[in-house]
Amino acid sequence: MLLVASVAALGGLLFGYDTGVISGAILFITKDFDLPARLQAFTISIVLIGCMAGSAVAGTVADAIGRRRTLLWAGIVFLAGAVISALAPNETILLAGRFVVGIGIGFSSVVAPLYISEVAPAPVRGALVSLYQFAITAGILAAYLVDYALSGGEQWRWMLGLAVVPSLVLVGGMFKMPESPRYLFKIAQAARARDELSRIYDDAAASAQEEQSIVASLQTKSDGIAAFREPALAWALFIGVSLAVLQQVTGINTVIYYGPQIFEMAGIASASTSILAQSLVGAVNCGMTLIAIFFVDRVGRKPLLYLGLIGMFAALSALAASFARPQLSGQNGTVALASMMVYVGCYAFSLGPIVWLLISEIFPLRVRGLGMSLSTLANWVGNFLVSQFFLVMVERLGLPGTFALYAVLCIVTIFFVRSVVPETKRELLESIRVYRP
Ligand code: BGC
């Protein structure tokens, strides 16, 4: 099971690597292709447009050709995107390559957590889906380190091209992985589905119980977008989309994408120490995700969310306060840096993994692909808007105002989780109910 989840999580690794790598590569691409500022920004954001396109259709594809094959295709798309971008003779082809990479990320951001959650036994589902977030953060960290290592030689083609390696492993791996038993029941291949279930559960009774709950959940026939008119499904969609948006509007990607600029804007550090500080951000993000892997099935989703969000709120408030001083230096600069680490660390064991986990859990099987697609699409739209408007917000509100706004949104998220999000720890996937009329 760990192997299956790890291979699927490679989709997360590519997600992290491909969204992170451009921050370093763009400096040299700009030089080589002589890009004006507008095209520079577009080279960075086109990947997010691809992500939106990919995530919008991924659920429908996963329902049509299966989870396993969709992930395999995502790997092929990643591979093609990496090759096209690395070899691009001009900016237009580079943009095309980055768009293709975005489609790959969009696909895997829907199907990797969906697949992992559907093949995982209930008692460890949280840990296995959190492994996916761990892979995202490992990918981001790897991208920072590769950028750092290759920046001396200005080798942006290698920076983008190295994604070929995990793509090949993903494609090779997915050839061998099993299909989700839930999907097999959905397409009426009960014998194969039973076979897969008995591989997941050693215990025949547990496997029979899973089968029963999956089959029962398929009794209601309606699926497709119209199904979301049912109040229970509309409610699940509301929760999924809101969680996905809240994950973004609490500001994580301003630190992930703009960390070095923030350090420099505040006058904390020189360019090179900023890049180093950014690697530390990457390491904290990756390391702290382990806490979720260990605790999410023991203490539950909601307690971790509360703890993380309170920490994020406190850290953002401290950041706002220290950036409010005219020039950061000495002790105040250290407080700001430490707060940034606390913020990222707290996100890493809460909102990061648990949002992906919850949106893979709250939809019943018949609309799971579509529900995840729509929630993930909302996540990418949120990501796009926050990253596009961050610099504008800093201009209008200043850094203190911007961080204070994110802090307020953490509080909104706490109330949202408290009032509408169900605790799903150790429940069978098909027993999860989010609707309380
Ligand atoms: C988010 C990404 C973010 C990453 C940071 C993911 O869960 O969806 O937008 O860059 O976490 O670790």
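**Cavity, burial and core**

Modeller: The structure holds one cavity of 30 Å³ or more. This is a predicted model, in which local features need pLDDT of at least 70 and side-chain atom pairs count only at pLDDT 80 or more, whereas totals for chains, interfaces and linings use all residues. Residues are numbered from 1 along each chain as its sequence is written, and side-chain values use heavy atoms, leaving out hydrogens and water.

Colleague: What makes a space a cavity?

Modeller: On a 1 Å grid over the protein atoms alone, a cavity is a set of points where a 1.4 Å probe fits but cannot get out; lining residues have an atom within 4 Å of a point. Grid points are joined across faces, edges and corners, and the volume is the space filled by probe spheres set on the points. For the largest cavity that volume is about 170 Å³. Of its 18 lining residues, those closest to the centre include F15 and Y347.

Colleague: Why is T19 called buried?

Modeller: Buried means under 20% relative accessible area, with exposed over 50% and partly exposed in between (1.4 Å probe, protein chains only). T19 has a relative accessible area of 8%, and is therefore buried.

Colleague: What makes the pair of T19 and G16 a polar contact?

Modeller: The term requires N or O atoms within 3.5 Å, one able to donate a hydrogen and the other to accept it; residues adjacent in sequence count only if both atoms are side-chain atoms. A polar atom of the T19 side chain lies 3.2 Å from the backbone oxygen of G16.

Terms used: On a 1 Å grid over the protein atoms alone, a cavity is a set of points where a 1.4 Å probe fits but cannot get out, and a pocket is an open set with protein on both sides within 12 Å along at least five of seven lines; lining residues have an atom within 4 Å of a point.
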